[in-house]
Amino acid sequence: MQRPNIIFMLTDDQRYDTFGFMGYTQVYTPNIDKMASEGTKFSNAFHVAPICMPSRATMQLGKYIVQHRCGFDLPTDYTVSTEEYQESYPVLLRKSGYFTGFIGKFGFPVTDIKQHNGTRNINPLSNQNDPYYKVTKHLDHETSSMPINEFDVWKGFTAQGNYLPDKQNKFNGYENTFGDDHLTMFNAHQAEEFLEQAKETGKPFALSISFKAPHRPMIASKKWKEFYKDMTIKRMENDKPEYFEVLPEVVRIKSRNAAEYWGSEKMEKTPGMSGRGAWKDEEVFQQDFQNYYGLISGVDEAVGVIRSKLEDLEMADNTIIIYTSDNGYFCGSKQLGGKELLYEESIRAPLVIFDPRDKKEQWIDGLVSTVDICPTILDFSGLKKTQDMYGDSVRPLIDGEKKEIHDAVYGENDFNDNYVDIDNHPDPENYQSIHSKYVRTHDYKYVRYHLCHPIIEEMWNMKEDPLETNNLVGKPAYEEQLNKMRKMLDDFLKETEVEIK
């Protein structure tokens, strides 16, 4: 049988429900809505790590953080080694005969040597000598911390990149040959160019395109700014003080999420945060989210361009498209900004899989995880996952062979804003940290802030309390269920432990 082409589309900081097909009327996404109407949508998809670097590593490798150890903060050691990357889906597909390409924000360093090992409490974002954060280095295979030689076509960039062309009319080092005014459409035109090259090879292709949108700074294109400029953006249902007040003190006091919403001295001193204002200010909120939704509509427009090109090249009928985001976004829910905390707005993932060979509109309720993305892509290409991969293909759910592939899904937040680690803290017995782990079933979610002294726990009845307002920990009627969830998390941690060499 002819092997299918595969396009993996990844957005950055897109909340799971910000689509028209999700019933969200304030964001305009007709192209994604059409694709979703012809494919499979997952109502219970969850992030392993709701922050960009570890999330992206998980998606490409099919491994949890404890295996790949790629993240911003302790206990990770920041990078994926070149050897480890040989078992990523892009490399495995290329070795099996696929013509491969990468476009956009790559999201994590791939190097011959693990970096920051032993000094991981130092913020890598401030390390100006780190090649990953040198924008000009991503085109030079001698100095790059990107896997540029592992793709047939490399159009990726390091760090966060910029939405607008620079003074030399370049987008993150690439000539603006298309005359675009915004990165998202530039990436779409790069994708069109890749598809033309792929057509000429006669091989099946695998394109990974990672949009920067809608990540901060929220700068939509002129077209989409104009589209949203007169719209009054509604606050989320749980953007109210009572939802903030029930959060643990460590979240309210120590997380950057609270600082982004309320504003603080800490926020003003954080690189890139100064001048943002805070979402308690309605004018700032409206400006930010007119742009946030404008960025999402820009991605939607790019999806339309890419699908149209597939039709023009007569490649659409054999091209599977997978669409998701690297993490959620609070958008003011619980009066929080950002992501990484283990509440639903942060850990829920949008996931649409469109397979033109078997068009059927359906919703899948089975639990799935972003650790499943790599095995799923391999499965579609006719390959089996490696023995080191922890995820599972979601195809049995799509094909109706199974209703569930997991009893529960798991994840963690290993980002503490580079706060000093417990081993170097002057008062470890009173250490407080937003580092946390979760296990989620259909009915319950359990969160453990495992480094806090004392440990902080939360458990929610997700059927009866989807906005997570009533913590069931300490309530006698739920003690048995709490112990079950504790054991599920403990068992998972034991099963996924690996020896770190």
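**Close-up views of a predicted model**

**View 1. Arginines over aromatic rings.** R235 lies over the face of F285, 3.9 Å from the ring centre. R307 is placed over the face of F354, at 4.5 Å from the ring centre. A charge counts as over a ring if NZ of Lys or CZ of Arg is within 6 Å of the ring centre and within 35 degrees of the ring normal. The model is predicted: local features need pLDDT of at least 70, side-chain atom pairs count only at pLDDT 80 or more, and totals for chains, interfaces and linings use all residues. Residues are numbered from 1 along each chain as its sequence is written, and side-chain values use heavy atoms, with hydrogens and water left out.

**View 2. Aromatic pairs.** Across the whole structure, a search finds 37 aromatic pairs. One of them joins F151 and W154, which are tilted at 5.7 Å centre to centre with 50° between the planes. Rings of Phe, Tyr and Trp (its six-membered ring) pair if their centres lie within 6.5 Å; planes under 30 degrees apart count as stacked, over 60 as edge-to-face and the rest as tilted. F151 and W154 are both buried (under 20% relative accessible area; exposed is over 50%, partly exposed in between, with a 1.4 Å probe and protein chains only).

**View 3. A pair between two loops.** W279 and Y329 form an edge-to-face pair, 6.3 Å centre to centre and with 70° between the planes. W279 lies in the loop between helix 11 (265-269) and helix 12 (282-312), and Y329 in the loop between strand 11 (319-325) and helix 13 (344-347), so the pair ties together parts that are 50 residues apart in sequence. Helices (H or I, at least four residues) and strands (E, at least two) are DSSP runs, numbered from the N terminus. Both W279 and Y329 are buried.

**View 4. Q290 and its surroundings.** Q290 belongs to helix 12 and is buried, with a relative accessible area of 18%. Its side chain reaches the backbone oxygen of K229 at 3.4 Å, and a polar atom of that Q290 side chain lies 3.0 Å from the backbone oxygen of M231. Leaving aside neighbours within four places in sequence, Q290 is in contact (heavy atoms within 4.5 Å) with Y228, K229, M231 and I233.

**View 5. Helix 14.** Helix 14 (residues 373-380) is mostly covered, with 7 of its 8 residues buried. Among them are I373, C374 and F380. After helix 14 comes G382, whose phi is positive, near 90°.

Terms used. Polar contact = N/O pair within 3.5 Å; in protein donor to acceptor, adjacent residues only side chain to side chain.
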